[in-house]
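Reader: I'd like to learn how to read a fold like this one, strand by strand. Could you walk me through it?

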Amino acid sequence: MNFNTQAYWDENEEQPKIPFMGFSIRSRIDQPGMSVILVNSESPAAKGGVKVGDIVIKINDKEVNRIEEYYESMKGIKEGDMIEVVVERYHEVQTFKYRV
């Protein structure tokens with residue numbers, strides 16, 4: 001699956017090839033983390049435990065507060081790699097590890 005990451009990278013900079021995560025996120029105004037607004041039911045994220053409404057705080061120990069940070073956290077990750085996603089759910093921090 002291809003994603004349009006072009007808007008987040010200079011034309012001279014190599015665009016990252018990120019694996020299919022299976023969730024959509026959006027920034028939170030004046031709050032840390034990014035809100036999960038959609039999870040594909042057959043995706044690695046769903047199988048790994050991520051749910052709509054979760055607040056993604058970190059991916060592989062990198063804070064994720066803006067879409068640029070999300071893409072930055074995904075650099076170097078390829079299909080088949082194991083990732084760690086830290087989320088806040090109902091005021092509790094949870095960590096999910098799964099293969100993308």
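Author: Helices (H or I, at least four residues) and strands (E, at least two) are DSSP runs, numbered from the N terminus. This is a predicted model, where local features need pLDDT of at least 70, side-chain atom pairs count only at pLDDT 80 or more, and totals for chains, interfaces and linings use all residues. Residues are numbered from 1 along each chain as its sequence is written, and side-chain values use heavy atoms, with hydrogens and water left out.

Reader: In what sense do S3 and S5 pair, and over how many bridges?

Author: Two strands pair if DSSP finds at least two bridges between them. Here S3 and S5 run antiparallel, over four bridges. S5 also pairs with S6 in the antiparallel sense, over eight bridges, and Val 85 has Phe 96 in S6 as its bridge partner. The S5 and S6 hairpin has two residues between the strands, and Tyr 90 takes a positive phi near 50° there.

Reader: What is the order of the elements from the N terminus on?

Author: They go β-β-α-β-β-α-β-β, which comes to two helices and six strands.

Reader: Which residues have the most contacts inside the largest nonpolar core?

Author: A nonpolar core is a set of buried Ala, Val, Leu, Ile, Met, Phe, Trp, Tyr and Cys residues joined through side-chain atoms within 4.5 Å. Buried means under 20% relative accessible area, exposed over 50%, partly exposed in between (1.4 Å probe, protein chains only). The largest core here has 21 residues, and those with the most contacts inside it are Met 21, Phe 23, Ile 25, Val 56, Tyr 70, Val 85 and Tyr 98. Two or more residues each come from strands S1 (23-27), S2 (34-39), S3 (55-59), S5 (82-89) and S6 (92-99), and from helix H2 (67-74). H2 gives the largest share, four residues.

Reader: Where does Asp 54 lie, and is Asp 54 buried or exposed?

Author: Asp 54 sits in the loop between helix H1 (44-48) and S3, and it counts as buried because its relative accessibility is 1%. For its partners, look at polar contacts: pairs of N or O atoms within 3.5 Å; within protein, one must be able to donate a hydrogen and the other to accept it, and residues adjacent in sequence count only if both atoms are side-chain atoms. The side chains of Asp 54 and Arg 89 make one of 2.6 Å. A polar atom of the Asp 54 side chain also lies 2.8 Å from the backbone nitrogen of Lys 51.
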